[in-house]
Amino acid sequence: MRRLKLAVLLVLAFPALVSAQATGAITGLVRDSTGAVVPGALVQATNEATGQMRDATSGGDGFYTIPLLPPGRYGVTAAYTGFSAARGAVRVVVSETARLDFRLTVGQGAETIDVVDP
C-alpha cells in the first residue's frame, strides 16, 4: 500500500514525466534522387486521428527527428525548394522511434511523390 501511495504521489508531482513516457518519435533521412543528403528540408507529420501537426527540419547530415509524438498513425511530408514533395505514412508506438526515409526528385513544388512504408 505504501508503494501505491508513493507511485500516486510521483505521478501527481511529475505529470510531465508520465506524459513524456507515453510518446514515440519519427526519424529518417532525406535524400535527393542521386542519393545525396538534403539539409534544410521541411518534414511535417500530421496525426491522422486528431489533425495535430508537428514539423522538423533535416540537419546538415540529412536526418530529421520529430520527438514526443502521441501514439497513432501519421501522414508525413518532406519538402524542399526545387524538389517535388514526398509523403508517406507511419505508425508511432509508445517508447519507440519509427523510421521513414524520403527521396526527393527535382521538379515542381506542387508535385507530390508517395513513399510506401514497408
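Colleague: How many aromatic pairs does the structure hold?

Modeller: The structure holds two aromatic pairs. Y64 and F102 have ring centres 6.3 Å apart and planes at 40°, so this pair is tilted. In general, a pair of aromatic rings is described by the distance of the centres and the angle of the planes. Rings of Phe, Tyr and Trp (its six-membered ring) pair if their centres lie within 6.5 Å, with planes under 30 degrees apart called stacked, over 60 edge-to-face and the rest tilted.

Colleague: What should I know about the model itself?

Modeller: This is a predicted model, in which local features need pLDDT of at least 70 and side-chain atom pairs count only at pLDDT 80 or more, while totals for chains, interfaces and linings use all residues. Residues are numbered from 1 along each chain as its sequence is written, and side-chain values use heavy atoms, leaving out hydrogens and water.

Colleague: Where do Y64 and F102 sit?

Modeller: Y64 is in strand 4 and F102 in strand 8, 38 residues apart, so the pair links distant parts of the chain. Helices (H or I, at least four residues) and strands (E, at least two) are DSSP runs numbered from the N terminus. Both Y64 and F102 are buried (under 20% relative accessible area; exposed is over 50%, partly exposed in between, with a 1.4 Å probe and protein chains only). Y80 and F83 form a tilted pair too, 6.0 Å centre to centre with 50° between the planes. Here Y80 is partly exposed at 35%, whereas F83 is buried at 16%.

Colleague: Which strands pair with strand 1?

Modeller: Strands pair if DSSP finds at least two bridges between them. Strand 1 runs antiparallel to strand 4 (residues 63-69) over five bridges, and G28 stands opposite Y64 there. Three bridges join strand 1 to strand 7 (residues 97-99) in parallel, with A25 facing T97. Another parallel partner is strand 8 (residues 102-104), also with three bridges, where D32 meets L104. Eight of the nine residues of strand 1 are buried.

Colleague: What lies around T23?

Modeller: T23 is in the loop between helix 2 (15-21) and strand 1 (24-32), and is buried at 13%. Beyond neighbours within four places in sequence, T23 is in contact (heavy atoms within 4.5 Å) with residues including L68, L69 and V94.

Colleague: How many salt bridges does a search of the whole structure find?

Modeller: Side chains of opposite charge can pair when their charged atoms come close. The search finds one salt bridge (a side-chain nitrogen of Lys or Arg within 4 Å of a carboxyl oxygen of Asp or Glu). R99 pairs with D101, the closest N and O atoms being 2.7 Å apart. R99 is partly exposed at 46%, and D101 is partly exposed at 33%.
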